[in-house]
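Okay everyone, thanks for coming. Have a look at the screen while I bring up the model, and then we'll talk through side chains and helices.

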Amino acid sequence: EWLGELKKEYSFIKIDYLAGRMCSSDKSHYWETERYFKRAVDDFKMKYSEIEIGDFLFYGFGNDYENKKKDLKEADKWYELAYRVNPFSYKALYKVAKKHMANGNYNQAKDEFNQIIHILLNGYNASQLTPKQQLYIYKAYVGLGDIIGHLKLMNARYTYQIRLASFITW
């Protein structure tokens, strides 16, 4: 009843997205999560063009598939869609880069990790970024170091570690 009353006054998109988030954290209602997320995405698509769709919906859906359902294949589809509709979605791009790295596509992952750094540091000092943005720069540098270490290019790995050390200020 209360959900119906809320829907009369507020956006279906926000209500369904919130309901999906609440269900994903409650084991007794977890089975309803996908239904609410899909309704939120469908409502968003009806209201906005795909270009304007909020990547947060797709990222949230991917996150649910990855962490709750342990379905990485389906999660990857949603992360890629989130990045496609918003090329500045560094969190979605990080997930895509990790997938490419896991599949052995190191050059693509390297480009994506560098893109994350470019998106976030584009004209900013690292100290001007939010802690979450700093964390993703750190993760991108670690990813680059892992790729280079995996390719057995230890001198280049050392270079990325030096760049990472210069990024971290205590």
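Before I use it, some housekeeping. This is a predicted model, so local features need pLDDT of at least 70 and side-chain atom pairs count only at pLDDT 80 or more, while totals for chains, interfaces and linings use all residues. Residues are numbered from 1 along each chain as its sequence is written, and side-chain values use heavy atoms, with hydrogens and water left out.

Rings of Phe, Tyr and Trp (for Trp, its six-membered ring) pair if their centres lie within 6.5 Å; planes under 30 degrees apart count as stacked, over 60 as edge-to-face, and the rest as tilted. How many aromatic pairs does that rule give? It gives seven.

Take tyrosine 59 and tyrosine 79: their pair is tilted, with 5.3 Å from centre to centre and 45° between the planes. Tyrosine 59 is in helix 4 (residues 55-67) and tyrosine 79 is in helix 5 (residues 72-85), so this pair links distant parts of the chain, 20 residues apart. When I say helix, I mean a DSSP run of H or I with at least four residues, and a strand is a run of E with at least two; both are numbered from the N terminus. Are these two tyrosines buried or exposed? Tyrosine 59 and tyrosine 79 are both buried.

Now tyrosine 90 and tyrosine 136. Their ring centres are 5.3 Å apart and the planes sit at 70°, so we call this pair edge-to-face. Tyrosine 90 belongs to helix 6 (residues 90-102) and tyrosine 136 to helix 8 (residues 131-150), so the pair ties together parts 46 residues apart in sequence. Tyrosine 90 and tyrosine 136 are both buried.

There's also a cluster: Phe58, Phe61, Tyr65 and Trp78 are linked by ring pairs.

Some rings have a charge over them, which here requires NZ of Lys or CZ of Arg within 6 Å of the ring centre and within 35 degrees of the ring normal. Lysine 69 has its charged end over the ring of tyrosine 65, 4.5 Å from the centre. Lysine 139 puts its charged end over the ring of tyrosine 136, again 4.5 Å from the centre.

On to salt bridges. Side chains of opposite charge can pair when their charged atoms come close. We count one when a side-chain nitrogen of Lys or Arg is within 4 Å of a carboxyl oxygen of Asp or Glu, and the structure holds five. One of them joins glutamate 32 to arginine 35, with the closest N and O atoms 2.6 Å apart. Glutamate 32 counts as buried because its relative accessibility is 12%, whereas arginine 35, at 40%, is partly exposed.

Another joins lysine 99 and glutamate 80, at 2.2 Å between the closest N and O atoms. Lysine 99 lies in helix 6 and glutamate 80 in helix 5, so this bridge ties together parts 19 residues apart in sequence. Lysine 99 is buried at 18%, and glutamate 80 is partly exposed at 32%.

Helix 3 (residues 33-47) and helix 4 pack at about 160°, with axes 10 Å apart. The axes are lines fitted to C-alpha atoms, for helices over the stretch in contact, and angles run from 0 to 180 degrees between N-to-C directions.

Definitions and conventions
Buried < 20%, exposed > 50% of the residue type's maximum accessible area, 1.4 Å probe, protein only.
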